[in-house]
Amino acid sequence: MSQVIEFDEAASHFGPPQSFPEPAQDDARFEQLRNDVAAGLMYAHGRENANTSKVLEVASFSYALIELLMERGVISVEELDERKKQVGQRLSEKFAEKGMGVALTNDEQDKYAYEGSAEIDCENRIALCRGACCRLSFALTVQDLEEGRVKWDLGRPYMIRHDEDGYCHHVERTSKRCGIYDNRPVVCRAYDCRKDTRIWEDFENRTVSPDLEKLFPQRETTEDGQTLYQLTRTPANA
Ligand code: SF4
Ligand code: SF4
């Protein structure tokens, strides 16, 4: 419940009465934000460490090889420089295509122009599937990021953000409807659960997959009080 602080509107320059969240609610939000930022930093530092050690390894091999080839008169400095430019260009294009190590869904097409969405009677099936499609992981597009409406996982850029319960941050928990339906990512628009064997064994006959429960992992609490999940996230292109 919100604590309401009354203002005398005529005497105030600050507009109408405002409501402020309970301090406990604030603390929980701050803690969540802190955890998100910490997860993001850990991800960034982990990547940085892994990249640095790979770069060192590759550089050592390259320099050793170049030195040997030059010592034996197989290549000249000029040839090496010219070839280095060409290879550098090729690799830059390749890295750019792959989003430089972060997950991104290709968005050649404007999501608002997408017309291939499947017609599925979700409201008649939600009791069976429990909205499992909104527990799947996928990468957002540049369009989503620029728009800023769809939240991404700070610990795993730029995957859709999931909450503690494993559902997409944007699912309305009771109805399992999408809370950002008009702005939902293109992956959600294009997704068709009818042939997704993680969810349906037989879509027409309304038989859920024996694997459905894998999308609803049970929490396990270890002896030292930590909460573990049995499920790891699915790949970006799942
Ligand atoms: S799994 Fe299929 S039926 Fe269930 S909510 Fe998602 S799209 Fe609808
Ligand atoms: S954005 Fe909407 S449709 Fe897409 S996974 Fe989240 S809740 Fe589901």
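**Close-up 1. The residues around ligand 2 in this predicted model.**

**Close-up 2. The cis peptide bond between Pro157 and Tyr158.** The bond that joins Pro157 and Tyr158 is cis, with an omega of about -10 degrees. Tyr158 belongs to the loop between helix 4 (142-147) and helix 5 (186-190), helices being DSSP runs of H or I with at least four residues and strands DSSP runs of E with at least two, both numbered from the N terminus.

**Close-up 3. Arg130 and its positive phi.** Although Arg130 is a residue other than glycine, its phi is positive, near 55 degrees, and its place is in the loop between helix 3 (122-129) and helix 4. Arg130 counts as partly exposed because its relative accessibility is 30%, given that buried means under 20% relative accessible area, exposed over 50%, and partly exposed in between (1.4 Å probe, protein chains only).

**Close-up 4. Arg206 and its positive phi.** Arg206, which is not a glycine, has a positive phi of about 55 degrees, and it is found in the loop between strand 3 (200-202) and strand 4 (207-208). With a relative accessible area of 38%, Arg206 is partly exposed.

**Notes.** Residues are numbered from 1 along each chain as its sequence is written, while chains are lettered from A and ligands numbered from 1 in the order in which they are written. Because the model is predicted, local features need pLDDT of at least 70 and side-chain atom pairs count only at pLDDT 80 or more, whereas totals for chains, interfaces and linings use all residues, and side-chain values use heavy atoms, with hydrogens and water left out.

How values were computed
Near = heavy atom within 4 Å.
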